[in-house]
Amino acid sequence: MANQFARDLRKRMTPEETRLWLQLRGWRAKGWHFRRQVPLGGFIVDFACLTQRLVIEVDGLQHRELMHLQRDEVRDEALKDMSFRVLRIANAEIKQDLDGVLLRILATLEGRR
């Protein structure tokens with residue numbers, strides 16, 4: 001069930017998710033293998049580099065609302081309990097500064113802040 005839903009989500013990625021995905025999938029040659037819409041512990045995360053235990057979530061404006069903030073906090077804690085680092089990126093960041101977003105992801109992968 002989760003796998004089918006994840007497949008459906010891959011077909012309906014937002015423009016920002018698609019833009020980021022086009023970059024992340026090119027990093028495979030550098031040794032960073034990302035997957036998109038990955039089922040993990042009852043959740044489906046936007047992107048995951050499983051070998052590095054990194055999850056990237058691309059958030060729209062609705063994630064600023066209290067209900068979403070609380071749900072995201074619970075989700076992030078559950079992923080951290082599974083030893084994943086969670087990096088949340090706003091749609092606006094991808095639209096306005098994709099290079100900066102990519103540098104932040106790379107720094108996280110390399111263990112820098």
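## Surface and burial

The protein chain has an accessible surface of about 7100 Å², and 52% of this belongs to carbon and sulfur atoms. Accessible areas come from the Shrake-Rupley method with a 1.4 Å probe; for residues, only the protein chains shown count as cover. Of the 113 residues in the protein chain, 41% are buried (under 20% relative accessible area, with a 1.4 Å probe and protein chains only).

This is a predicted model: local features need pLDDT of at least 70, side-chain atom pairs count only at pLDDT 80 or more, and totals for chains, interfaces and linings use all residues. Residues are numbered from 1 along each chain as its sequence is written, and side-chain values use heavy atoms, leaving out hydrogens and water.

## Helices and strands

The protein chain contains five helices and four strands. Both are DSSP runs numbered from the N terminus: helices are H or I with at least four residues, strands are E with at least two. Along the sequence, the pattern is α-α-β-β-β-α-β-α-α.

## The sheet

Strands of a sheet pair through backbone hydrogen bonds, either parallel or antiparallel. Here four strands form an open sheet with mixed pairing, in the order β1-β2-β3-β4; two strands count as paired if DSSP finds at least two bridges between them. The edge strands, β1 (35-40) and β4 (85-90), each pair on one side only.

β1 and β2 (residues 43-49) pair in the antiparallel sense over five bridges. Pro39 has Ile44 as its bridge partner in β2. Helix α5 (residues 98-109) packs on the sheet and touches β2, β3 (54-59) and β4, where contact means heavy atoms within 4.5 Å.

Definitions and conventions
Axes are lines fitted to C-alpha atoms, for helices over the stretch in contact, and angles run from 0 to 180 degrees between N-to-C directions. Buried means under 20% relative accessible area, exposed over 50%, partly exposed in between (1.4 Å probe, protein chains only).
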